[in-house]
Amino acid sequence: MNAPVDVSFFARNAKPLTSYRPYWAKRFGPAPFLPMSRAEMDQLGWDSCDIILVTGDAYVDHPSFGMAVIGRTLEAQGFRVGIIAQPDWQSAEPFKVLGKPNLFWGVTAGNMDSMINRYTADRKIRTDDAYTPGDVGGKRPDRAAIVYSQRCREAYKDVPIILGGIEGSLRRIAHYDYWSDKVRRSIVVDSKCDLLLYGNAERALVEVAHRIAAREPIEQITDVRGTAFVRRASAPDWFEIDSTTVDEPGPVEPHLNPYLTTSEQAEAQGATCSKDDAAASAPTPAVVATPAVQPLTFVPNPALARGKRKLPPRDRTVIRLPSYEQVKADPVLYAHANRVLHLETNPGNARALVQAHGEGATARDVWINPPPIPLTTAEMDHVFGLPYARSPHPAYADENGRHDGPTKIPAWEMIRFSVNIMRGCFGGCTFCSITEHEGRIIQSRSEDSIIQEIEDIRDKVEGFTGTISDLGGPTANMYRLGCKSPEIEAACRKPSCVYPGICQNLTTDHGPLVKIYRRARGLKGIKKILIGSGLRYDLAVKSPEYVKELVQHHVGGYLKIAPEHTEEGPLTKMMKPGIGSYDRFKQMFEKYSEEAGKKQFLIPYFIAAHPGTRDEDMMNLALWLKRNGFRADQVQTFYPSPMATATAMYHSGLNPLKGIHRDERGEKVDIVRGEKRRRLHKAFLRYHDPNNWPLLREALKAMGRADLIGNGKQHLIPTFQPLTDGSYQSARRKNSTAGGGGLGYTTNKDGKAVALRPRTQALNEPRGDVRFRTSEPQPGRLLTQHTGLPPRNTGAAPAARGPRPAAKGGLGKGGTGKGRTR
């Protein structure tokens, strides 16, 4: 057997999940599904629920859905857990369907932030929701965690409310809200919850549940890691560090050189004190004002005193952040508070934070305890080994009792045959929410646990055809990676282990992951195992054995990676490696694909309009895309999620990575604001789309790069312009805009516009120096779904020669798999 091993010191600092004495309701045993109705409760023999979970997602009993994990974890502790999924929030009545919970409400907006789930990066309402049956939008309110908390309070006002999920994690302090373009209060204040649990909350929730079950008032539960709450009085026996201001140094006057004469000293300061000099330089006598003498004040050097005086223990130290009112009025202080919060995220050395909200009689503090201790391998195995049904609740079944028809839940369909092998990410990308929620410490499952789940999918999940769609996590190849030294890991305060380069203390051995790949694909009944999660290629190139294993056995034709950009300016603000790492990985990818006799393609992702991105940077990225024959289909515009470092840049115009100062030492960041400029950056990524050509021509001329407009290979966009209707076919069909054929035009020898026939008639037909290009892939060219990816070789006879229709937007089982959280 492969025994779980934990090298981190964190394993010694927390009570194991399985060490609690089970609650008395353990006698009922596990439920096939956690009940969503009174009828189901009656079938289980329950007269009431101990805990009721309210979620903005449909209830899918699968370990990739947060409510299922939390529910099953609490059930394993002996509690009776019910679920209210996507309730009608217009009144409190739907929140009474399961009766009054005996212990507390558990509230979450769902697997996604409700605002990001409902709005695009351009603040437009989405028409779909992957976490809803039938992919129907509008089943959850804006700021769902706040609304659900209010309705729970209305339903049973004396029942404690515990808030959790990613929406709570990203809003635990005063935060910039992109949708209202202002700084909002901590969600602890707005939701009026009794306790907020941030991050992966199994450890904190189990402790809190048992303490509430033991009749401990929730107001007294203030010492649990990973929690936040409102505190009106100062905490006794705590040492408070004031971090409510940013240094504001004035001009520093140099000390006078004592060896200079009085006249020379005055001359050095641009003045004079010599009577002769004054008389010579002025026609009339003048009175020179003598500056006031300021005595020097000597203070002890804090750096020297630190070794002599005893510092307070970190576990009894709290840092006071600038108040909500301060960060709302001053973007500089907002950036400062954001920097401090991110420096206090390592569970090994993080200190508590406190932030005042309100003034006078309404003043209260939001107290945030240090992050939770990560789960050990044994605890991860316990959580993922609980009796999940791995299916949506029967209430969502169609008339045939199935979930793959009109009531299909896309998010479940995407992860139906996938296995999550780890949590956390130490990449530290500034635009990403993973670190704020899951933390930098990698929490990995054991090999036996992973293999057992694959066998369960093979034997128990309906519709399994032998292909595991993903074997990964937030980052596919961070399994079992971490710091070589537990002591260094506990003391480290770096935001990333791989930027600006891979830390010398980081293990990059992919051996355990290669071993799992080989063992998993050797299982009987397993035909193929694909890797759909995002890949950190700068780590992968450190292990050629892993790259070879991945490329030759676990790529379904396309592999997604995320360079995000090619230019140093935006990459430094993202904390991403240079494009050289991509080039090295691409060489290895092509080498091992050729050795295996496979035609496989990389699908790189890029971000438009990220803070620190100039128009010239996007132009250079577009040129790089064209040189490499890539036409981006899935274009992502920067989305300022709450609490992310890049969002602090967007709001303040400063770079928190470099320290926050009010003078010239503070690094200013170019922010892409306004619809027109954001649209321009997105247009550069889709330089091949005729709808973008007028905007790009205007921009290139303004940038002095009209030389890139022409009909040659060296040009970025052509001089001719088809008549387009602004249509765009997205990979998400419901968010596409329909369009017709339209006529194009070019110029004849006399410079007059000449109409072209409709595109469907003009394929491959020359018109002077203009040729419409079909979606036929060319050798050595990397294309996407939008322009026609090379078809899979199915062994079928080749079709008759003719125009090839564009491939469908979806990637299917062999595509890029799960989307990334940003």
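In the analysis that follows, a residue is called buried when its relative accessible area is under 20%, exposed when that area is over 50%, and partly exposed in between, with a 1.4 Å probe applied to protein chains only. The structure is a predicted model, in which local features need pLDDT of at least 70 and side-chain atom pairs count only at pLDDT 80 or more, whereas totals for chains, interfaces and linings use all residues. Residues are numbered from 1 along each chain as its sequence is written, and side-chain values use heavy atoms, with hydrogens and water left out.

Of the 822 residues in the chain, 54% are buried. The chain contains 27 helices and 28 strands, where helices (H or I, at least four residues) and strands (E, at least two) are DSSP runs numbered from the N terminus. With contact taken as heavy atoms within 4.5 Å, 74% of the contacts between residues at least 6 apart in sequence join residues at least 24 apart.

Helix H4 (residues 144–155) comprises twelve residues and spans 16 Å from its first C-alpha to its last, close to the 16 Å expected at 1.5 Å a residue, the expected span being 1.5 Å times one less than the number of residues. Nine of the twelve residues of H4 are buried, and the helix is thus mostly covered; the buried set consists of Ala144, Ala145, Ile146, Val147, Tyr148, Ser149, Arg151, Cys152 and Ala155.

Strand pairing was assigned where DSSP finds at least two bridges between two strands. Strand S9 (residues 227–231) has four of its five residues buried, so it is largely enclosed by the rest of the structure. Two bridges join S9 to strand S8 (residues 195–197) in an antiparallel arrangement, with Thr227 of S9 as the bridge partner of Leu197. S9 is also joined by four bridges to strand S13 (residues 364–368), again running antiparallel, and here Arg231 stands opposite Asp365 in S13.

A separate description applies to the open sheet of three strands in the order S21-S22-S23, whose pairing is parallel. Strands S21 (558–564) and S23 (636–637) stand at the edges, each with a single partner strand, so one side of each is left without a neighbour in the sheet. Strand S22 (residues 601–608) is joined to S23 by two bridges, and Ile607 stands opposite Gln636 in S23.

Arg678 lies in helix H25 (residues 675–685). Arg678 is buried yet has no salt bridge, the nearest side chain of opposite charge being that of Asp122, 4.3 Å away; a salt bridge is defined as a side-chain nitrogen of Lys or Arg within 4 Å of a carboxyl oxygen of Asp or Glu, and for charge Lys and Arg count as positive and Asp and Glu as negative, with His and the chain ends not counted. When residues up to four places away in sequence are not counted, Arg678 touches Ala121, Asp122, Tyr178, Ala609, Thr637, Phe638, Tyr650 and Val672.

An unreviewed UniProt entry carries the annotation "binding site" for Cys425, Cys429 and Cys432; such annotations may be inferred rather than shown by experiment, and their positions are given in the numbering used here, with feature names shortened. Cys425 is placed in the loop between strand S16 (422–423) and helix H15 (434–438), and Cys429 is placed in the loop between S16 and H15. Cys425 counts as buried at 10% relative accessibility, and Cys429 is buried with a relative accessible area of 14%. Leaving aside neighbours within four places in sequence, Cys425 is in contact with Ile434, Thr435, Gly439, Arg440, Ile442, Thr475 and Met478, whereas Cys429 is in contact with Arg536, Met574 and Lys576.
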